[in-house]
Amino acid sequence: MPFDAIVAAARKEKRLMLTEVEAKQALKEAGIDVVDTRLAKDKAEAQRIAREIGYPVVLKIVSPDIIHKSDIGGVKVGLADEAAVSAAFDEIMAATKKANAKANVHGVAVQAMAKQGTEVILGMSKDPQFGPVLMFGLGGILVEVLKDVSFRIVPLTRRDAREMIHEIKGYPILEGYRGQEPASVEKLEDTLLKLSEFVEAHEEIKEIDLNPIFAYRDGLTAVDARIILEEKTG
Ligand code: ADP
Ligand code: MG
């Protein structure tokens, strides 16, 4: 589905948050690498898609009313077979109901289980003065506790992208620390530039959050994505 159609569907339902499935589809079309992610409306469909993708898989709640999925028990990783998918499906639905009995549920996202990499995050927010700004940082505890992030105004040049990556304090981690796999800085630069282009082309986006992205020696993959739309004006 093209981005305009995804936005139209969200507007029709009067929601500003795109689901993870919609957000990843849009980012994929923008040339950003994302984990293979598909929407299943019921358990049987989840099992069929899991078989297509190949085990192990990850299941997540898809609901415009649930923003932080793992906080409510809406994410199950490392599901090894059909029985595990069945149990995870039931657990996710029960947890969602408990968290918000009125939540509008689209189904579950079935996705490939990505191999662990260096966790990084990419974001876009709008500054009242400068407009869209991209953020780059290391994921997990590092970004939450140390706020080790860098910012640049859209549109980014390749030099901006390179500087953003090099100027965080945790940069040595990306070079490979104590035998840890290094991250491809070139691929991170490419991804920042593609995100900058995507943001420039779509003024109707208010906020983007790719958290986390797993970065590897030879590439990367976004395992979670969130896009928030601007309230409609005019
Ligand atoms: P939340 O809405 O809570 O941020 P996420 O989609 O980020 O939910 O999932 C929570 C965590 O589960 C991620 O930070 C990541 O460590 C792990 N995870 C999520 N999706 C995948 C995946 N496809 N492959 C591997 N790990 C994943
Ligand atoms: Mg997340």
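Modeller: Let's take the second largest pocket: its lining splits into 3 nonpolar, 2 polar and 5 charged residues (Ala, Val, Leu, Ile, Met, Phe, Trp, Tyr, Cys and Pro are nonpolar, Asp, Glu, Lys and Arg charged, the rest, Gly included, polar). This is a predicted model, where local features need pLDDT of at least 70 and side-chain atom pairs 80 or more, while totals for chains, interfaces and linings use all residues. Residues count from 1 along each chain as written, chains are lettered from A and ligands numbered from 1 in written order, and side-chain values use heavy atoms, without hydrogens or water.

Here's the lining: V21, K24, Q25, K28 and E29, then V34, V35, D36, T37 and R38. A pocket is an open set of 1 Å grid points over the protein atoms alone, with protein on both sides within 12 Å along at least five of seven lines, and lining means an atom within 4 Å of a point. α2 (20-29) supplies the largest share, 5 residues, and β1 (37-40) also gives at least two (DSSP runs: helices H or I, at least four residues; strands E, at least two).

The space comes to about 150 Å³, taken as the volume filled by probe spheres on the points. For scale, the largest pocket has about 640 Å³ and 26 lining residues, with K60, N211, P212, V223 and D224 nearest its centre. Its lining divides into 12 nonpolar, 6 polar and 8 charged residues, and β8 gives the most there, with 4.

Definitions and conventions: On a 1 Å grid over the protein atoms alone, a cavity is a set of points where a 1.4 Å probe fits but cannot get out, and a pocket is an open set with protein on both sides within 12 Å along at least five of seven lines; lining residues have an atom within 4 Å of a point.
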